[in-house]
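Me: Could you take me through this structure, chain by chain and then where the chains meet?

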Amino acid sequence: MRFDPRLEQRIVKVLLWAMTVLTVAVLVFIVFFILRKGLPAVSLDFLTKNPVDMGKGGGIFSTVIGTIVLTALAILIATPLGVGTAIYLTEYTWENAVTRVIRFGAECLAGIPSIIFGLFGFILFVTKLGFGWSILSGGLTLAFMILPTIIRTSEEAIRSVPPAYRTVSFSLGGTKWQTVTRVVLPSAVPGIMTGIILSVGRSIGETAAVIFTAGSALRLPTSLFSSSRTMSVHFYILAREGISLSRAYGTAAVLIIAILAVNIATYYLMNKFIRKYS
Amino acid sequence: MNRLERKDRLVRLALLAVAFSAVSILAVITVFMFEQGTPIMFKYGLKNFLAGSDWYPSEKSFGLWPMIVGSIYVTFGAMVIGVPFGLACAIVLTEFSSKPVRRVIKPVIELLAGIPSVVYGFIGVVILVPFIRETFGGPGLSVLAASIILGIMILPTIISISVDSLQALPPAYREGSIALGATKWQTVRMALLPAARSGIIASIILGMGRAIGETMAVIMIAGNAVSVPGSILAPVRTLTSNIALEMGYAAGEHRQALFATGVILFLIIMVLNTMANLTSARRKRDRG
């Protein structure tokens with residue numbers, strides 16, 4: 001027996017929509033659940049006081065600073081490498097064996113799980129190079145992890161700059177590098193920023209790669225060689241070792257708000273960029 | 001050759017060097033993982049490592065079989081949940097929704113990708129695990145809990161790549177099918193899904209890679225017992241959890257055995273990456 005196609009379509013449509021609504025509902029639930037349970041614990045004191053007694057008391061100030069410093073270092077290292085790669089791929093070469101190797105490398109790097117980055121960072125930076133558990137080790141490891149994201153988004157951003165911009169610059173006697181730095185890059189900045197902000201989000205939320213490279217010291221970092229705990233690592237330790245459930249919720253709420261802010265910023269920039277070139 | 005041209009040439013060389021950063025990092029990671037992890041595998045025999053089911057690092061017994069099976073179980077479970085829901089969302093987003101609706105749903109799903117894995121793990125611990133324990137019995141920390149949470153975590157990967165490949169189809173496919181009198185669903189099922197097949201398969205393979213590589217969420221909800229799970233309600237330990245749980249205190253051969261665990265994980269991921277890469281390469285070629 002065959003279904004009436006229009007009846008079949010109606011049934012399928014309802015089913016697919018139900019699944020989509022359920023997916024969206026799960027996400028909305030997760031965000032609201034964490035915020036509802038966590039926000040009561042968040043106060044100015046929570047954000048500006050250091051943790052006391054392994055996190056049983058006090059706030060999360062040092063972990064906020066740890067997160068910011070580590071993320072900033074990772075971005076500072078990865079951005080020049082990523083944007084440089086993107087400029088080379090888009091402006092200085094054509095599709096050939098070399099670009100295929102570069103792209104394959106970036107794609108593979110993107111697929112490597114964070115725990116492998118953690119292991120690698122631990123053996124290379126923490127032990128072999130003697131940086132110890134430190135912001136430097138953690139920052140380098142994170143930089144390697146976010147590099148593929150920055151390459152991909154920068155490449156897309158640079159590619160979407162209309163070719164006419166380049167032609168005009170060349171016809172005015174500009175060299176390749178002048179064209180890239182004065183015409184192409186300024187136009188691609190919002191797109192590149194999107195990639196950087198996405199990477200900030202990933203760095204803030206990362207745990208596995210950071211816990212084995214930056215360590216989990218609770219004091220404020222004083223140099224690149226200080227061990228430092230990020231918010232995600234702090235949250236993981238609080239939750240897993242059952243140190244303080246209310247502070248775990250509080251930390252999670254701060255994490256979620258940071259991630260939401262990052263997403264909204266990305267979305268805003270992306271729309272602005274798309275509107276500019278279409 | 002004037003000064004500017006010389007500078008241009010230097011810049012080109014510098015950029016070429018920078019462009020190889022990702023490849024070099026990949027190479028260095030590969031070398032380090034293998035250098036640290038393979039000697040111990042051969043010392044105790046590859047067969048004992050892969051097929052041995054006893055993991056007692058203090059007694060020099062390093063069998064990874066339970067963890068290999070564990071990773072396969074939770075990844076398979078994640079696929080069972082993630083693939084249908086992911087494809088449903090992708091089809092709704094591209095074919096069955098209006099533009100304003102899409103503009104609400106898409107960013108929400110992208111947000112899903114941004115939520116840290118520890119938060120997913122925590123949600124699993126405080127909501128899902130007690131629910132499973134009370135409803136189905138068992139410890140709650142289980143293959144089932146890990147599969148559900150991982151299934152949710154891989155949704156953004158599956159959705160975004162499937163949406164891209166559905167949207168990249170030439171409009172003629174849709175128009176042709178509709179013009180022949182097919183309903184929208186018949187068009188999706190018989191024209192669009194088959195045409196976008198390689199992109200969808202690539203999205204599933206990449207989702208698999210994410211599930212198998214996920215660590216922190218799984219540690220929190222899978223129970224981590226070293227034994228081949230007898231049912232979906234039994235606790236399980238994955239390759240990734242094995243590394244993360246013991247890395248903090250491991251030394252000597254124990255640490256090397258954890259690197260060996262990493263090597264196996266690394267190999268699985270590279271195979272999956274290459275597969276995804278080949279399918280999307282075929283997709284590009286097919287489309288000319």
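Reply: What follows is a short exchange about the two chains and their contact.

Me: Before we start, what kind of model is this, and how are things numbered?
Reply: This is a predicted model, in which local features need pLDDT of at least 70, side-chain atom pairs count only at pLDDT 80 or more, and totals for chains, interfaces and linings use all residues. Residues are numbered from 1 along each chain as its sequence is written, while chains are lettered from A and ligands numbered from 1 in the order in which they are written.

Me: How many helices and strands are there in chain A?
Reply: Chain A has 11 helices and 2 strands; helices (H or I, at least four residues) and strands (E, at least two) are DSSP runs, numbered from the N terminus. Along the sequence the pattern is α-α-β-β-α-α-α-α-α-α-α-α-α. The C-alpha trace of chain A spans about 70 × 65 × 35 Å along its principal axes.

Me: And how many of its residues are buried?
Reply: Of the 278 residues of chain A, 52% count as buried. A residue is buried if 20 or more other C-beta atoms lie within 10 Å of its own, exposed if 12 or fewer, and partly exposed in between, with C-beta atoms placed from the backbone.

Me: Which domains does chain A have?
Reply: The assignment gives domain 1 (5-40) and domain 2 (42-276) of chain A; such bounds come from an automatic or database domain assignment. The C-alpha centres of domain 1 and domain 2 of chain A lie 30 Å apart.

Me: How many residues of the two domains are in contact?
Reply: In chain A, 6 residues of domain 1 are in contact with 6 residues of domain 2, where contact requires C-beta atoms, placed from the backbone, to lie within 7 Å. The domain 1 side of that contact in chain A divides into 4 nonpolar, 1 polar and 1 charged. Here Ala, Val, Leu, Ile, Met, Phe, Trp, Tyr, Cys and Pro count as nonpolar, Asp, Glu, Lys and Arg as charged, and the others, Gly among them, as polar.

Me: Switching to chain B, what does its secondary structure come to?
Reply: Chain B comes to 13 helices and 2 strands. Its C-alpha atoms fill a box of roughly 75 × 70 × 30 Å, taken along the principal axes. Of the 288 residues of chain B, 50% count as buried.

Me: How many residues does each chain put into the contact between them?
Reply: Chain A contributes 66 residues and chain B 65 residues. On the chain A side, the largest share, 17 residues, comes from α1(A). The residues of that side of chain A divide into 46 nonpolar, 14 polar and 6 charged.

Me: How do α11(A) and α5(B) cross?
Reply: The axes of α11(A) and α5(B) (residues 99-114) come within 10 Å and cross at roughly 135 degrees. Axes are lines fitted to C-alpha atoms, for helices over the stretch in contact, and angles run from 0 to 180 degrees between N-to-C directions.

Me: Which residues make that contact?
Reply: From α11(A) they are I259(A), V262(A), N263(A) and Y267(A), and from α5(B) they are P107(B), E110(B), L111(B) and G114(B). This contact of α11(A) with α5(B) divides into 5 nonpolar, 2 polar and 1 charged.
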